[in-house]
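Let's take a friendly walk through a protein model together.

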Amino acid sequence: TVKIELADGLLRLTLNRPDKLNAFNDEMHLALRAGFQHAHDESDIRAVLLTGAGRGFCAGQDLGDRDPRKETAPDLGRTIESFYNPLIRQIRSLDKPVVCAVNGVAAGAGANIAIACDIVLAARSAKFIQAFSKIGLIPDSGGTWSLAQLLGEARAKALALTAEPLTAETAAAWGLIWRAVDDAELMSEAEALGKKLAAGPTFGLGLIKQAIQASAGNTLDQQLDLERDLQRRAGRSADYAEGVLAFLDKRQPKFSGR
Ligand code: LHQ
C-alpha cells in the first residue's frame, strides 16, 4: 500500500491504493509509518518525498471501512490517536526535510497530511478539499492548526466550514503550499528539489525546520534564545566547516549531512 524507494539519499514514499484515490486504511497507515521510521533511523536517508500513485494524492480516511450500519458506536478519537496524530508528529519531528508532491486531489486528512510536510509542490490540476464538514467532522491531522497558521482565521474557517475545493494555484498564492507546477513537471521538479535537499547540510536543515516550527509557540525573545542555542550547534557541525571552506576556496561544498 506504500511504495518505498531510495535514490541519492532521497526516500520516496508513494501512497499506493490508486483505485481508492489512496484513501487511508489501517494497513496503509502502518506502511507509511514504517517508511517514516526508516527515514528517521537511516543516516544515509537525508530527505523524504511523499506522493501518491495514480490520479489522486490522497482522499483521506477510507470511508468504506466506516459504514454506520456496521460501526454503531464509532470512536474516531481512537483512530486519530492511533494513526493520524502519530503520522503528523513523525513528519514534523523528523530532523530531515520532507517534500510533498501533491499529484492530484488531496481531500480530508489527505490535504492536511500534505500541508504538514515541509515543502509542498502541487500539480496545477490538483485540488485541496477540507472535506470533513461534508460528513459532520472537523479538520484533523493538524488541519485546524496548520490552516490557521498558514492562512489566518478568515480563510481557515471558510475552507473548513464550506469544504470548497481550493486550486493549487490559489493554494500557492495564499501561502498554503510552496508552488503549483505544470502536471507534467511535478515529479521531475519534486525529485530535483528532494535530491538537492538530500545533498544538503542535513544537520543544519533539521535545525532550521525545528526553529521555524517552534516559532508558533514562542515570543520573539524566546525565539532569539532558541536561535542562539541552535546556531551554536550548527556552528559545530562538519558541514558548517565544509560550507565556509568551500566558500573561501570558491568551489561547491560537499556536505556529509553531519
Ligand atoms: C474513496 C474515498 C474515501 C473510500 C474516494 N474512502 N473510497 C479520521 C478519523 C476517522 C474517520 C473518518 O475520517 C477521518 C479523517 C478524514 O479524512 S474524513 C474525510 C474523508 N474523505 C472524504 O470525505 C473524501 C471523500 N471523497 C471525495 O469526496 C471524492 O472522492 C474526491 C473529491 C476526493 C474525488 O472525487 P472524484 O475525482 O470525483 O473521484 P471519485 O469520487 O469518483 O472517487 C474515485 C474512487 O475512489 C471511487 O470509487 P469507485 O469504486 O466508485 O470508483 C470512490 O468511492 C473512491 N474514494 N475517496 N475517502
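This report looks at the sheets, the ligand and a few individual residues.

## Before we start

This is a predicted model, in which local features need pLDDT of at least 70 and side-chain atom pairs count only at pLDDT 80 or more, while totals for chains, interfaces and linings use all residues. Residues are numbered from 1 along each chain as its sequence is written, and side-chain values use heavy atoms, with hydrogens and water left out.

Helices (H or I, at least four residues) and strands (E, at least two) are DSSP runs, numbered from the N terminus. Two strands are said to pair if DSSP finds at least two bridges between them.

## The six-stranded sheet

Six strands form an open sheet in the order S1-S2-S3-S5-S7-S10, and their pairing is mixed. At its edges are strand S1 (2-7) and strand S10 (179-181), each of which pairs on one side only. On average, neighbouring strands of this sheet are turned by 20 degrees against each other, direction ignored. For such angles, axes are lines fitted to C-alpha atoms (for helices over the stretch in contact), and angles run from 0 to 180 degrees between N-to-C directions.

Leu6 has Leu11 in S2 as its bridge partner, and Ile4 stands opposite Leu13 in S2. The hairpin of S1 and S2 has two residues between the strands, and in this hairpin Asp8 takes a positive phi near 50 degrees.

## A strand wrapped in neighbours

S2 is also joined to S3 by six bridges, and these two strands run parallel. Here Leu15 stands opposite Gly52 in S3.

Is strand S3 (residues 47-52) enclosed or open? Six of its six residues are buried, so S3 is largely enclosed by the rest of the structure. Buried means under 20% relative accessible area, exposed means over 50%, and partly exposed is in between (1.4 Å probe, protein chains only). Both faces of S3 are covered, with Ala47, Leu49 and Thr51 buried on one side and Val48, Leu50 and Gly52 buried on the other.

## The four-stranded sheet

There is also an open sheet of four strands, ordered S4-S6-S8-S9, with mixed pairing. Strand S4 (56-58) and S9 stand at the edges with a single partner strand each, so one side of each has no neighbour in the sheet. S6 and strand S8 (residues 127-129) pair in the parallel sense over two bridges. Ala107 stands opposite Ile129 in S8.

## Around the ligand

Which residues come nearest to the ligand? Of the 24 residues around the ligand, they are Arg55, Ala59, Gln61, Leu63 and Ala109. A residue is near a molecule or strand if one of its heavy atoms lies within 4 Å of it. By class, this shell has 13 nonpolar, five polar and six charged residues. Ala, Val, Leu, Ile, Met, Phe, Trp, Tyr, Cys and Pro count as nonpolar, Asp, Glu, Lys and Arg as charged, and the others, Gly among them, as polar.

Now zoom in on some polar contacts. A polar contact is a pair of N or O atoms within 3.5 Å; within protein, one must be able to donate a hydrogen and the other to accept it, and residues adjacent in sequence count only if both atoms are side-chain atoms. Arg55 has a polar side-chain atom 2.9 Å from an oxygen atom of the ligand. Gln61 has a backbone N or O atom 2.8 Å from a nitrogen atom of the ligand, and for Leu63 a backbone N or O atom lies 2.9 Å from a ligand nitrogen atom. Helix H2 (76-93) and strand S6 (105-107) are the elements that give two or more residues to the shell. H2 provides the largest share, three residues.

## Residues in the loops

Most residues other than glycine have a negative phi. Leu21, in the loop between S2 and helix H1 (26-41), has a positive phi near 50 degrees. Ala163 has a positive phi of about 60 degrees and lies in the loop between helix H5 (153-162) and strand S9 (166-167). Leu21 is partly exposed, at 21% relative accessible area, whereas Ala163 is buried, at 3%.

Lastly, find Asp75 in the loop between S4 and H2. Asp75 is partly exposed, with a relative accessible area of 44%, and its side chain reaches the backbone nitrogen of Gly77 at 3.1 Å. Asp75 and Ile4 are 71 residues apart in sequence and 31 Å apart in space, C-alpha to C-alpha.
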